[in-house]
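Please take a look at the sequence and the fold before reading on.

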Amino acid sequence: MTLLEKIIETYPDESFLKADGLDNAVIGVDEKSMVLIYSVSKCIDILAEKVGSVEEAIEYFSFNASGAHMGEKTPIWCQDIY
């Protein structure tokens with residue numbers, strides 16, 4: 001069972017906004033806002049496998065994920081690349 005599946009099971013009455021294809025990059029949930037928290041480094045790793053390079057993955061992530069605001073349930077992007 002993935003962490004995302006555990007979160008959904010733990011909070012069955014909540015609806016979470018998920019980033020397509022990045023389920024394995026979920027590292028938690030902010031219980032105050034009930035928003036999913038994603039690891040940026042894990043997102044980049046997942047995307048790099050799909051697009052072919054880290055540079056392209058960073059560009060894709062910046063434009064399509066971290067740069068997008070999707071309302072109050074927009075995920076939190078934890079900058080853990082350091």
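The lining of the largest pocket is made up of nine nonpolar residues, one polar and three charged; here Ala, Val, Leu, Ile, Met, Phe, Trp, Tyr, Cys and Pro count as nonpolar, Asp, Glu, Lys and Arg as charged, and the others, Gly among them, as polar. This is a predicted model, in which local features need pLDDT of at least 70 and side-chain atom pairs count only at pLDDT 80 or more, while totals for chains, interfaces and linings use all residues. Residues are numbered from 1 along each chain as its sequence is written, and side-chain values use heavy atoms, with hydrogens and water left out.

**The largest pocket**
- The largest pocket holds about 250 Å³ of space, a volume being the space filled by probe spheres set on grid points joined across faces, edges and corners.
- A pocket is an open set of points on a 1 Å grid over the protein atoms alone, where a 1.4 Å probe fits, with protein on both sides within 12 Å along at least five of seven lines; lining residues have an atom within 4 Å of a point.
- There are 13 lining residues, and A19, D20, L22, Y60 and N64 lie nearest the centre of the pocket.
- Two or more lining residues come from each of α2 and α3, and α3 gives the largest share, with four.
- Helices (H or I, at least four residues) and strands (E, at least two) are DSSP runs, numbered from the N terminus.

**The α2–α3 pair**
- Helix α2 (residues 40-51) packs on helix α3 (residues 54-66) at about 115°, with the axes 8 Å apart; axes are lines fitted to C-alpha atoms, for helices over the stretch in contact, and angles run from 0 to 180 degrees between N-to-C directions.

- Three strands make an open, mixed sheet in the order β1-β2-β3, where strands pair if DSSP finds at least two bridges between them.
- At the edges are β1 (26-30) and β3 (76-78), each pairing on one side only, and the twist averages 30° from one strand to the next.
- Strand β2 (residues 35-39) runs antiparallel to β1 and is joined to it by four bridges, with G28 partnering I37.
- The β1–β2 hairpin has four residues between its strands, and M34 in the turn has a positive phi of about 55°.
- Helix α1 (residues 3-10) lies across β1 and β2, at about 25° to β1.

Technical notes:
Contact = heavy atoms within 4.5 Å.
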